[in-house]
Amino acid sequence: MCGIVGYIGDKNCVPILIEGLKRLEYRGYDSAGIAVVGREECRAIKTKGKVSELEKNVYSQNISANLGIGHTRWATHGEPSVTNAHPHSNKEQTLFIIHNGIIENYSTLKNNLINEGYTFVSETDTEVLAHLIDYYLKLKNNLFQAVRYALNEVEGTYGLAVIYKGEPDKIIAARKGSPLVIGIGKNENFIASDVNALIVHTSQVVYLEDGEIAEIYKDHFHAKTIHDEEIIKEIHKVDMNVDEITKGGYPHYMLKEIMEQPDSIFNSMRGRLLFEEGISKLGGLQGYEDRIVRSQRIIISACGTSWHAGLVGEYMLEEYAGIPVEVEYASEFRYRHPIIRPEDTVIFISQSGETADTLASLKEAKKKGALCLGICNVVGSSIARESNAGVYIHAGPEIGVASTKAFTSQLVVLSLITLLLARKKNLSLIEGQNIIREMQSLPEKVKKILESNDQIEKIAEEYMSCRNFLYLGRGYNFPVALEGALKLKEISYIHAEGYPAAEMKHGPIALIDENMPVVFIATKDAVYDKVISNIEEVKARKGRILAIVNEDDDYIEKLVDHVIRVPKTINMLQPILSVIPLQLLAYHVAVKRGLNVDQPRNLAKSVTVE
Ligand code: AGP
């Protein structure tokens with residue numbers, strides 16, 4: 001889950017690399033480095049920690065070159081350190097490599113190279129590649145072929161780039177499993193892990209597919225497979241502007257993205273609701289609707305927050321479309337022997353569209369002949385390109401590592417799919433129109449919730465030093481409890497668990513005392529009275545209670561320590577509203593604990609290794 005960037009052209013590559021790395025820092029921030037090759041220069045500069053440390057170091061030395069690569073790291077092999085930071089090089093420091101992914105057979109390759117007399121300075125898998133390429137360079141005397149031969153020995157995943165003093169007019173880039181994009185400029189070209197690092201320079205991009213390797217010059221490039229077959233690559237235009245990837249005046253990307261939800265939710269349904277017909281229209285599923293409706297089963301495969309969205313999707317699809325749904329952790333789904341049939345539809349939910357476990361489970365399901373649909377945010381991402389069909393959530397770039405607006409937009413898209421399938425089955429025009437009316441009222445309702453930001457900040461003050469939290473909800477609100485707990489865990493480092501409220505009596509209730517805050521998602525629905533009883537049970541054990549309730553609820557307030565009010569809507573859409581106070585609570589607790597909200601420790605935005 002590293003970020004890689006590269007430049008070849010007539011400009012000084014150093015500021016371009018540093019700015020590119022800053023835009024990729026959400027992918028990993030353990031250490032960073034650049035390597036440059038030019039008439040005067042041929043070296044790597046690496047630092048431990050954030051790109052800003054590297055920036056200070058690099059700018060203290062007046063470096064200029066037209067060819068360079070840069071890397072920001074999320075450690076997999078070897079602790080965060082200058083030695084383990086990328087770029088790695090050959091002994092002569094004339095060849096440099098940056099890599100995002102994992103070389104699974106690195107220890108075998110390493111032993112072979114040690115037998116060939118190579119020595120190693122770092123604990124990383126990537127350094128093995130530097131020496132392996134060096135080995136073939138001595139044999140083939142051609143960088144492109146040396147990289148290709150080396151990669152034919154590699155097992156694992158990579159998005160990588162190599163530069164070499166002996167061939168200072170090119171970057172060699174290759175991809176297998178980890179994302180890699182080429183940016184096409186005027187008399188200059190770029191490479192990067194994702195378009196965020198390129199968009200300030202060009203909107204013309206080429207996506208490398210698995211098993212492809214490219215030789216990139218400043219004014220052209222050509223691509224082959226790693227088996228040396230020529231391939232013609234299509235240039236795509238990316239429709240994104242720079243403002244979308246800046247903080248827009250907010251202190252953190254996470255708060256900006258929480259506050260953007262009235263717009264992102266609107267954008268996710270823009271042009272997709274046909275009120276007269278009481279149905280939704282999803283261009284990305286055109287031609288597949290009937291096959292989906294006839295599905296024996298719908299399986300949802302995802303990770304993290306996207307998995308929580310899948311759980312809400314299960315409730316929606318079963319209630320309204322009457323199709324059996326199973327929600328799978330992609331990491332488990334890909335390795336156990338799941339029964340997948342051609343009559344099944346499998347939906348892969350992923351904000352980044354690059355999560356390794358979800359992508360691999362997609363390849364598995366595709367092999368078994370199931371209809372594979374993607375629900376993604378990043379346009380042109382691997383899962384989007386690999387799926388048979390799918391729906392973009394149009395939430396706009398999500399930079400904060402803790403997913404917020406992508407979650408609510410994933411729920412909007414799942415609601416649109418549910419409405420489409422349900423109307424093709426038994427849902428009436430009136431019922432369809434009612435759902436549409438409720439969906440169209442969401443942006444205004446979200447605006448109302450965001451107005452309680454200050455109140456939520458005050459509540460966060462009361463809970464910021466707690467060491468554990470329990471989140472409880474029933475029905476549609478159970479996945480919201482899981483999501484609320486995840487948000488708090490990942491950015492405030494407080495241990496938190498989400499549970500179905502009724503499950504509490506089967507164990508977690510033992511945790512409850514005056515030091516255990518319990519967050520109830522208690523909006524009015526068919527199981528509201530049951531939730532009230534659960535609140536009473538916690539109260540009886542002196543638990544501190546914060547409840548998310550509907551605006552017109554004047555009962556729960558008497559029972560609990562704090563309430564946060566959210567507008568009422570239909571059950572299937574209520575999670576889109578109920579989760580927002582939990583996003584803000586987690587955000588304010590983390591800020592009050594003085595933590596780096598946008599780059600929480602040990603995490604990265606897109607998990608491209610398994
Ligand atoms: C959520 O806040 C986390 N960043 C993480 O759980 C994330 O949801 C998970 O890694 C899946 O990512 P994806 O949606 O990009 O596949």
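This is a predicted model: local features need pLDDT of at least 70, side-chain atom pairs count only at pLDDT 80 or more; totals for chains, interfaces and linings use all residues.

Reader: Which helix gives the largest share of the lining of the second largest pocket?

Author: That's helix 17, with six residues. Helices here are DSSP runs of H or I with at least four residues, strands are runs of E with at least two, and both are numbered from the N terminus. Residues are numbered from 1 along each chain as its sequence is written, and side-chain values use heavy atoms, with hydrogens and water left out.

Reader: ok, and what counts as a pocket?

Author: On a 1 Å grid over the protein atoms alone, a pocket is an open set of points where a 1.4 Å probe fits, with protein on both sides within 12 Å along at least five of seven lines. Lining residues have an atom within 4 Å of a point.

Reader: How many residues line the second largest pocket?

Author: There are 31, and Cys303, Gly304, Thr305, Leu486 and Glu490 lie nearest its centre. Besides helix 17, the elements giving two or more residues to this lining include helix 9, strand 20 (345-350) and helix 11 (356-367).

Reader: Where does the ligand sit?

Author: In the second largest pocket. To count as sitting there, more than half of its atoms must lie within 2 Å of the pocket's grid points.

Reader: What's 2.7 Å from an oxygen atom of the ligand?

Author: A polar backbone atom of glutamine 351 is. An N or O atom in the side chain of serine 352 also lies 2.7 Å from a ligand oxygen, and for serine 403 a polar backbone atom does. The protein covers 92% of the 410 Å² of accessible area that the ligand has on its own, using the Shrake-Rupley method with a 1.4 Å probe.

Reader: New topic: which helix gives the most to the lining of the largest pocket?

Author: Helix 7 does, with three residues. Among the 43 residues lining that pocket, Met240, Asn377, Val378, Val379 and Pro397 are closest to its centre.

How values were computed. A polar contact is a pair of N or O atoms within 3.5 Å; within protein, one must be able to donate a hydrogen and the other to accept it, and residues adjacent in sequence count only if both atoms are side-chain atoms.
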